[in-house]
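Subject: Structure handover

Hi,

Here is the structure for you to look through. My notes follow below it.

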Amino acid sequence: MTDDTAPERGGGPLSGVLVADFSRVLAGPYATMLLADLGAEVVKVEGPKGDDTRTWMPPVRGDVSTYYLGVNRGKRSIALDLRDPDDARVGRELARRADVLVENFKPGGLAKYGLDYASVSAANPGVVYASISGFGSGAGRDVPGYDLMVQAMSGLMSLTGDPDGPAYRAGISVFDVMAGNHAAIGVLAALRHRDVTGQGQHVEVNLLSSALTGLVNHSSAYVAGGVVPYRMGNAHPSVFPYEPLPTADNDLIVAAGNDGQFRKLCEVLGIPEIADDPRFARNADRTSRREELRPILVERLAARGALEWFESLVAAGVPCGPINTIDGGFAMAERFGLDPVVEVGEGDRAVPTTRHPIRFSATPAAYRLPPPELDEHGDELREWLTQEEDRDV
């Protein structure tokens, strides 16, 4: 970009990369926010009523949904009614200039506006065009894609909850977030390919595929072992102890994943002989005899509270942790020097937000723009996109 009205370039490893964000709600906006943190210039295209998450409240900060605030920093907003020919023309021009386009419309839904991959790539052969859907662009294209549906359909809910109770969803939209991460990875890989070859490509991510790979050991149990796992509460099917155990006050997560860690656990608990007991010598033994071993551990843990045990066990190298509420999680991150909260924007527009999860030694993430108001940058973006000359990116 060379004219004065083009979005300004920031620093970061993706400086100079223009992202046209035609996504809504969570998976797409999360992916584009991560790219914005790394220096990409992200233009968020919204319908006249704005992203759905603007209305998902409570909770709120002022009168703005905290859901929306959580995934939209670092972006500029332009409101376009793609049913309007002039607005659709502006959208196509943005796509023509973009390095990356991210969308999560129903597969094929942007074709009528000339914003599908075939149309955009014809005008912009180098574009990295990322599509996020629920179930792919094939036989599942007409099935609406919501995280809760995918948690159910993938099998995750069959793994979540008490063995004798109902299935439960995870506490967050876990597969939306996972798909957003996969989309960001796909975009970065495709940009690398374009750097080498000059060719763009279509990157497709769907929630169900993200879910199945994200089920990791459970997926492998079925695919490689022919075993269909079921929910075990907080227990792990292959490791023990690896679950919450009661102490004198609160439960403590104990995750002794190998024989050495189990020996250290026994030493801190004052029962070193248990580590040498043939019944519990190996992980496979402990897992198969968990009902014999658990009462022994619980009896010892009852002598002290969870935080006391946490200090002693961590000092000995035993993985463990208290079960916190969200505020406790942030407090723990502060304790460990992770500085989990950063502020984006200035004055009345300043918003506290969660730090980007990746640290770079040379090109740190930046937090340049607060989550935009609807069409906040519409005028300047329209001026830039309707100019006939100076269309370089």
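**Helix H1**

In H1, the buried residues are Ala-27, Gly-28, Pro-29, Tyr-30, Ala-31, Thr-32, Met-33, Leu-34, Leu-35, Ala-36 and Asp-37. Buried means under 20% relative accessible area, exposed means over 50%, and partly exposed lies in between (1.4 Å probe, protein chains only). H1 spans residues 27-37 and is mostly covered, with 11 of 11 residues buried. Helices (H or I, at least four residues) and strands (E, at least two) are DSSP runs, numbered from the N terminus. After H1 comes Gly-39, with a positive phi near 110°.

**How to read the values**

This is a predicted model, in which local features need pLDDT of at least 70 and side-chain atom pairs count only at pLDDT 80 or more, while totals for chains, interfaces and linings use all residues. Residues are numbered from 1 along each chain as its sequence is written, and side-chain values use heavy atoms, with hydrogens and water left out.

**Asn-104**

Asn-104 sits in the loop between strand E6 (100-103) and helix H4 (117-123). Asn-104 has a relative accessible area of 18%, so it counts as buried. Its side chain reaches the backbone oxygen of Arg-24 at 2.8 Å. Beyond its neighbours within four places in sequence, Asn-104 contacts (heavy atoms within 4.5 Å) Phe-22, Ser-23, Arg-24, Gly-28 and Ile-132. Gly-28, one of these contacts, is also among the buried residues of H1.

**Asn-250**

Is Asn-250 buried or exposed? Asn-250 counts as exposed because its relative accessibility is 51%. Asn-250 lies in the loop between strand E9 (242-246) and strand E10 (251-255). Neighbours within four places in sequence aside, Asn-250 is in contact with Leu-245 and Ala-306. Pro-322 is 72 residues from Asn-250 along the chain, yet their C-alpha atoms are 7.8 Å apart.

**Cysteines**

A disulfide is a covalent bond between the sulfur atoms of two cysteines. The rule used here asks for a pair of cysteine sulfur atoms within 2.5 Å. How many disulfides does that give? The count is zero. Cys-266 is buried, because its relative accessible area is 0%. Cys-320 also counts as buried, at 16% relative accessibility.

Best wishes

How values were computed
Polar contact = N/O pair within 3.5 Å; in protein donor to acceptor, adjacent residues only side chain to side chain.
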